[in-house]
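Me: I am new to this structure and would appreciate a close look at the salt bridges. Please describe the partners and their surroundings.

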Amino acid sequence: MTTVAHALETLFALKKVPVTKKELGDNLNVYVMDYNLNADHTTRLEIVLPNDLDRTDVQITYRYVTMLNRYEKRQDMLEALNEINESSSYYTFYLAQDGEVYARAFIRSGVDVQCLYESIVHGPAVIENVYSKIEAVAGVFKNA
């Protein structure tokens, strides 16, 4: 039986996508790749899915969209993210307790993973589209 994980791995290999696979246990895999938002800022893409199903929900997370390092800007960031989320259709943006802003989507996929792949590919464009609003509140983020 072909699984979503196998089909996605096959497509990544075909498209020569530099991805690292890690096993999480409980039949879950995470696929990790980095995306350069600009010369000083890299976001991490994490795709979590079961490795043994032919139809499943897939979690896609873009980590480190930015870091809010001044707590007094928390309310401003929450307001900006709420505004962004009202108009975003693919990804929802979150502010973690530690100040990390990240984007997440859940997508249902079968073994035809083309729509899943396209959602992954369009993620950076979504982030780039809203990054100026996020940066206006958080300031310029540079990798540590």
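Reply: The following account takes the salt bridges in turn.

This is a predicted model, in which local features need pLDDT of at least 70, side-chain atom pairs count only at pLDDT 80 or more, and totals for chains, interfaces and linings use all residues. Residues are numbered from 1 along each chain as its sequence is written, and side-chain values use heavy atoms, with hydrogens and water left out.

The structure holds 7 salt bridges, a salt bridge being a side-chain nitrogen of Lys or Arg within 4 Å of a carboxyl oxygen of Asp or Glu. One of them joins R44 to D34, with the closest N and O atoms 2.8 Å apart. Because R44 belongs to strand β3 (residues 41-50) and D34 to strand β2, this pair ties together parts that are 10 residues apart in sequence. Strands are DSSP runs (E, at least two residues), numbered from the N terminus. R44 is partly exposed at 30% relative accessibility, and D34 is also partly exposed, at 48%; the term covers values between buried (under 20% relative accessible area) and exposed (over 50%), with a 1.4 Å probe and protein chains only.

A further salt bridge brings R63 and E46 together at 3.6 Å, N to O. R63 lies in strand β4 (residues 55-67) and E46 in strand β3, so parts 17 residues apart in sequence are tied together. R63 counts as partly exposed, at 22% relative accessibility. E46, R63 and E100 are linked in a network of salt bridges.

D57 pairs with R108, their closest N and O atoms being 2.8 Å apart. D57 is partly exposed at 40% relative accessibility, whereas R108 is exposed at 54%.

Terms used
Helices (H or I, at least four residues) and strands (E, at least two) are DSSP runs, numbered from the N terminus.
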